[in-house]
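Here is a short briefing for a reader who is new to this structure. Please look over the sequence and the model before going on to the grouped points.

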Amino acid sequence: MGKIFVTLDDLVWSNPIIFLILGSAIFYTILLKGVQVRNIKHQVQLLFSSSGSDTGISPFATFCTVIGYRVGTANVAGVAVAICSGGPGAVFWMLVTSILDTAISYAECSLGQVYKIKQDGEYRGGAYYYIQRGLGLKKLAFIYAALTLVCVPILTVAPHAFSITSGFKTSLGVSQYITGAIAAVLLFIVISGGIRRIAKTAEVVVPFMTIGFVILTIVIIVLNIRIVPEALALIVRSAFGMDAVFGGLMGTAVLWGVKRSVNSSGAGMGEAVPAASATECAHPGVQGLVNSFSVYIDLFVCICTALIIILTDCFNVVDSSGGLIHTSGGSAMIADQVAEPGIAWAQEALNAIFPGGIGSTVLAFFLFFFAFTTLLNYYYQGETAIAYMLHSRSQRARRMVIWGLRIVMPLIFFYFAVQSSSTSFSSGELGVGLMVWFNVIILLIMAPTIKKVYDDYQAQRRAGIERPIFNPQKLGIKNADIWMEINKDAIADTADE
């Protein structure tokens, strides 16, 4: 099975998908007039501008939920894998891709809001909803929902499950079976409460884990402040093929930078759309801006990891044939290739700074929270896909199948928690790649609608309206009638004026 995952992963993540992602990100950056850099102050304001309701959760709760899924083990283990295969220059291309991808994140999250529905007393949305309601392609939407159910709560669970158990095995010597079983039980407890329990958990955990990891990075930077400029210069030189050692890896650096950026942030694969669509707001542009901002948090954590590894020289770099072109000078385990690229590299980097294995233990706990919050969002995407595919069935039938997912997903988690590193990462990347191919092409087709929504929000802001109201009929957008109910009082007031 591992060999099959690796083969399919290499096929899906070949050059065409790189061109698709970068080309689409540049297209949306131009179409939306640099949405990712023009609205940062306003994006922060929106996080705390409104609250939730019985039907939808608040923008801040959604933001924490989305951050919880975006900031995962890919931000640590994935960065190490990228540096191993693409050199330090891969970090630069991760940064560039993530900034550009923010425009795609805006596009998919705002579109998810446009075509959301109310089902079983709460808002539901996802790429399959805008495929059906926006393009009228019901069969294609069903296929994407089925793909989501297979790829997200099953395949993409793999690297996070393995990272949790391997982190505690490396630092404390705890069996992967024991850690996997404990984490699986906790996962079941939280996801059994649905989106509200997931959102509440994320609101508590996400700020703690993100701020804690940043503080850890700042300590390492301060302790190694003299070599920070050289580390940053190495990243830039390697990115453009100007470094004597890593110069021949420029093409590979771009490939791995793009690959790890998308696997880390999930922008373009539609992962954030279900949670974004569950939010209570007056205009889809609000959620587009709030959740696109979350990509910056994800990127910042990736940069922190890269600096930890590079500053301590706890990394190896291999060429396309697998030969070593750089050997770690900060860790004998890494230099001897005893520690695989991933969590172990970051743990070795921290052990080089903090004595007695304290660093690796602290990181193991951070990674537990990183991976756990990611898994909560993965579950919710599966739940939303089930709700869509069974929308014509009774509420009782949907609930039964959803409870089936709540039982099966922890078991799948446990299975991947005790597998090898290569199997885990390849299966996760395969799931992401399949969804990116599907979703990004749909987003390109629906670009006119996305631009209408963005322009409408910005026009109201320029007119001095602090809380823009979405009226789909005014914009000629069909099958978005729920907004006429959400904003009926405001629309009526506008009509009277």
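S360 lies in helix α19 (residues 358-389), where helices are DSSP runs of H or I with at least four residues and strands are E runs of at least two, numbered from the N terminus. This is a predicted model, in which local features need pLDDT of at least 70 and side-chain atom pairs count only at pLDDT 80 or more, while totals for chains, interfaces and linings use all residues. Residues are numbered from 1 along each chain as its sequence is written, and side-chain values use heavy atoms, with hydrogens and water left out.

**Surroundings of S360**
- S360 counts as buried, at 4% relative accessibility (buried means under 20% relative accessible area, exposed over 50%, and partly exposed in between, with a 1.4 Å probe and protein chains only).
- Leaving aside residues up to four places away in sequence, S360 touches S171, Q347, L350 and N351 (contact means heavy atoms within 4.5 Å).

**Salt bridges**
- The structure holds eight salt bridges, each a side-chain nitrogen of Lys or Arg within 4 Å of a carboxyl oxygen of Asp or Glu.
- One of them joins the side chains of E383 and R406 at 3.4 Å, N to O, and this pair links distant parts of the chain, with E383 in helix α19 and R406 in helix α20 (residues 395-417), 23 residues apart.
- E383 counts as buried at 2% relative accessibility, and R406 counts as buried at 1%.
- The side chains of E122 and R124 meet in a salt bridge at 3.7 Å, N to O, and E122, R124, E383 and R406 are linked in a network of salt bridges.
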